[in-house]
Amino acid sequence: MININLDILQTFLNQNDIPKIKGKPKTFLGIAKQPHYENVLSNIYAFYFKVNEVHRFKDLFITSLLACIKSKIGKQKEALQSFYDFRVDTEYTTNKGGRIDILLSNDEQAIIIENKVNHHIKDNDLDDYWTTVKIETNENENKIGIILSLHPIAESLYNGFEHSKHYINITHLELLQEVMRNSGNYVMEASDKYYFFLKDLNQNITNISKSYMEEKDLAFYFKNLQEINQLAAFKFSVRKHIATEIEKAGLALTD
């Protein structure tokens, strides 16, 4: 049984502001209990990548993705500094019967996107994806593979593939942050409805990418672990006492 010194606990409470843990804002995907579903996110991304769709954000998503690519590899792939007249496919069938989550391609360029949230990249045949997508020009310069993940992935986890050197890792949060930074140039012509959906998507990605607690809150907990545990024990004892007293009062009324 924990020995509770109420004076010490009172001093602790007087001298410290207990952190308030903020809940994450609800999103439509969260309400639908589909915030982590890879195929759902792929379909939403595909919608926004289509430059002529009803959202009227035009090339916002592809421009933002190209900016993310450039930030990772510089100008190594000059041909991918711009990307026009491309098709958007989801669940694109590969030579070995696999599926490419999102494929952006035209006759001369291609971006292969493997969308990862909770699953492991080792379950995906990156070589199959790479060799399936054919373009008319130099594929090493005009084609790239992207592992779009919830958290950064070490290259060592996917460099066992022959063509892994042609893949880079971008997180969902990096992409959406770039999209939101660039969105101001598009909102005047964009649909209000789909701008709202975009902000909701951004919040959903933020929710599933970041921890509920900040580092300073965790530091406070570990620094004051003993006092916090004693407060929890004291709270439990008080509740137990109240329940016992209510039970006694109920028995007295029945006598």
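Trainee: What share of the 255 residues in the chain is buried?

Mentor: Buried means under 20% relative accessible area, exposed means over 50%, and partly exposed lies in between, with a 1.4 Å probe and protein chains only. In this chain of 255 residues, buried ones make up 40%. This is a predicted model, in which local features need pLDDT of at least 70 and side-chain atom pairs count only at pLDDT 80 or more, while totals for chains, interfaces and linings use all residues. Residues are numbered from 1 along each chain as its sequence is written, and side-chain values use heavy atoms, with hydrogens and water left out.

Trainee: How many helices and strands does the chain have?

Mentor: Helices (H or I, at least four residues) and strands (E, at least two) are DSSP runs, numbered from the N terminus. The chain has 10 helices and 5 strands.

Trainee: In what order do the strands of the open sheet stand?

Mentor: Two strands pair if DSSP finds at least two bridges between them. Here the order is β1-β2-β3-β4-β5, an open sheet of 5 strands with mixed pairing. Its edge strands, each pairing on one side only, are β1 (87-93) and β5 (167-171). On average, neighbouring strands are turned by 25 degrees against each other, direction ignored. For such angles, axes are lines fitted to C-alpha atoms, for helices over the stretch in contact, and angles run from 0 to 180 degrees between N-to-C directions.

Trainee: Which helices pack on the sheet?

Mentor: Contact means heavy atoms within 4.5 Å. Helix α4 (residues 60-73) touches β2, β3 (110-115), β4 (143-149) and β5, and its direction makes about 115 degrees with that of β5. Helix α7 (residues 172-182) also packs on the sheet, touching β3, β4 and β5, at about 70 degrees to the direction of β5.

Trainee: How is β2 joined to β1?

Mentor: Strand β2 (residues 99-105) runs antiparallel to β1, with 6 bridges between them. R87 has S105 of β2 as its bridge partner, and Y92 stands opposite I100 in β2. The hairpin of β1 and β2 has 5 residues between the strands, and G97 takes a positive phi near 85 degrees there.

Trainee: How many bridges pair β2 with β3?

Mentor: That antiparallel pairing has 4 bridges. L104 has I111 of β3 as its bridge partner, and a hairpin of 4 residues joins β2 to β3. In a regular strand the side chains alternate between the two faces of the sheet. As for cover, 6 of the 7 residues of β2 are buried.

Trainee: How many salt bridges does the structure hold?

Mentor: Side chains of opposite charge can pair when their charged atoms come close. The cut-off for a salt bridge is a side-chain nitrogen of Lys or Arg within 4 Å of a carboxyl oxygen of Asp or Glu. The structure holds 6 of them. One of these joins E174 and K72 at 3.2 Å, N to O. E174 lies in helix α7 and K72 in helix α4, so the pair ties together parts that are 102 residues apart in sequence. Both residues are partly exposed, E174 at 31% relative accessibility and K72 at 38%.

Trainee: Where do K96 and D125 lie?

Mentor: K96 is in the loop between β1 and β2, and D125 is in the loop between β3 and α5 (126-132), so their pair links parts 29 residues apart in sequence. The closest N and O atoms of this salt bridge are 3.4 Å apart. K96 is exposed at 66%, whereas D125 is partly exposed at 28%.

Trainee: Is K143 buried or exposed?

Mentor: K143 is buried, with a relative accessible area of 0%. Its side chain meets that of E139 in a salt bridge (3.1 Å, N to O), and E139 is partly exposed at 27%.

Trainee: Which residues make the nonpolar surface patch?

Mentor: Patches are made of residues with over 30% relative accessible area and no salt bridge; like charges are joined within 9 Å, and nonpolar side chains (Val, Leu, Ile, Met, Phe, Trp, Tyr) within 5 Å. Accessible areas come from the Shrake-Rupley method with a 1.4 Å probe, and for residues only the protein chains shown count as cover. F28, I31, F196 and F197 make a patch of about 420 Å². Helices α2 (28-31) and α8 (192-209) each give two or more residues to that patch. F196, in helix α8, is partly exposed at 44%.

Trainee: What does N204 touch?

Mentor: N204 is also in helix α8, and is buried at 2%. Not counting residues up to four places away in sequence, N204 touches T27, L29, G30, P35 and L41.
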